[in-house]
Amino acid sequence: MSALCIALPRLHEKFDPPAPGVLRLWPGLPDPPSGAHVPENFPLSPQEAALYLEEVRGLGAAVAAKIPVHTLLAEEKRKRDPGRKREEIDLAAFAEGVPAPQYDVFRLREAKTAAQKALLRIWLLEEQQGEIAALEGEYNALSGSMSAALGVEADDEEAGALRLAQTEDRFTGGPEAAAPWRMVTENACFFMPEHSPLFFDDPAVCADLREAGLAFASAPEFAFAGAPAPGKAEAPLWKALGLPGPRPERPWLERIFIFVAGSAA
């Protein structure tokens, strides 16, 4: 596998890539791990990305400290309002003296900044899910020791009552624990070269891609370790995301990528 191939929708380095030569997308923080792809066109520097994550963590701490949640949510909703965002971009462009021919470039820069921030928040979500899973494991190990000390058999109802339910979805697996794959993919594609392969091995995501009308052909060049060849389909991003057509306000959706579906053969 010679071409750059990125595994989606997971970002965190604790998730092993699904195949040799397939890389995870790093959201731009300092000290990227080995086996991660760091795009060169991120708008935020690693230091700015780390500072932004600290601000996000601070927001979480504010919620934990019982600062009125409705106030925080109202502010976040106000920030996300499309009309307000357009006005802010217009004013910022005017303030920076952006000439009319460069205006779309300015807007694209703003959109890319928002996309990288979304990837950073997704990475943080996955990190926190891992921390929760680790705490659950420690608690359950302690409860096992307590059960043994109390003379309770491991399969007894009393022992079960001491354990926290650990499910694969908490970190290592399923869709309920993950950010929506369409959101991850759209934001990630801001930073990927057009026509680059994107590797998906989640059966539910692969089913969504088939339902969107992607016609997969066998792709032996993406097979690994004797596994069956996955499927691949080349399509514009809007089609893969299941949209009915291009969106003028989101021109990046017209970029074409190779979608590799490990569970779509």
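Modeller: Let's begin just after α7, where Gly213 takes a positive phi of about 100 degrees. Helices (H or I, at least four residues) and strands (E, at least two) are DSSP runs, numbered from the N terminus. Bear in mind that this is a predicted model: local features need pLDDT of at least 70, side-chain atom pairs count only at pLDDT 80 or more, and totals for chains, interfaces and linings use all residues. Residues are numbered from 1 along each chain as its sequence is written, and side-chain values use heavy atoms, with hydrogens and water left out.

Biologist: Which residues of helix α7 are buried?

Modeller: Buried means under 20% relative accessible area, exposed over 50%, and partly exposed in between (1.4 Å probe, protein chains only). In α7, which spans residues 203-211, the buried ones are Val205, Cys206 and Leu209. They sit on the same side of α7, because they cover an arc of only 100 degrees around the axis (taken from the directions from the helix axis to the C-beta atoms). The face turned away from that buried side carries exposed Pro203 and Glu211.

Biologist: What does Leu209 touch?

Modeller: Contact means heavy atoms within 4.5 Å. Not counting residues up to four places away in sequence, Leu209 touches Trp181, Phe200, Leu214, Phe216, Ala240 and Phe259. The cover over the buried residues of α7 includes α6 (181-188), β4 (197-200), α8 (237-240) and β7 (256-261).

Biologist: How many salt bridges are there in the whole structure?

Modeller: The general idea is that side chains of opposite charge can pair when their charged atoms come close. We call it a salt bridge if a side-chain nitrogen of Lys or Arg is within 4 Å of a carboxyl oxygen of Asp or Glu. A search of the whole structure finds four. One of them joins Asp208 and Arg182 (3.8 Å, N to O). That pair links distant parts of the chain, 26 residues apart: Asp208 is in α7 and Arg182 in α6.

Biologist: And what about Arg250 and Glu186?

Modeller: Their side chains meet in a salt bridge too, at 2.7 Å, N to O. Arg250 lies in the loop between α8 and β7 and Glu186 in helix α6, so the pair ties together parts 64 residues apart in sequence. Glu186 is buried, with a relative accessible area of 14%, while Arg250 is partly exposed at 21%.
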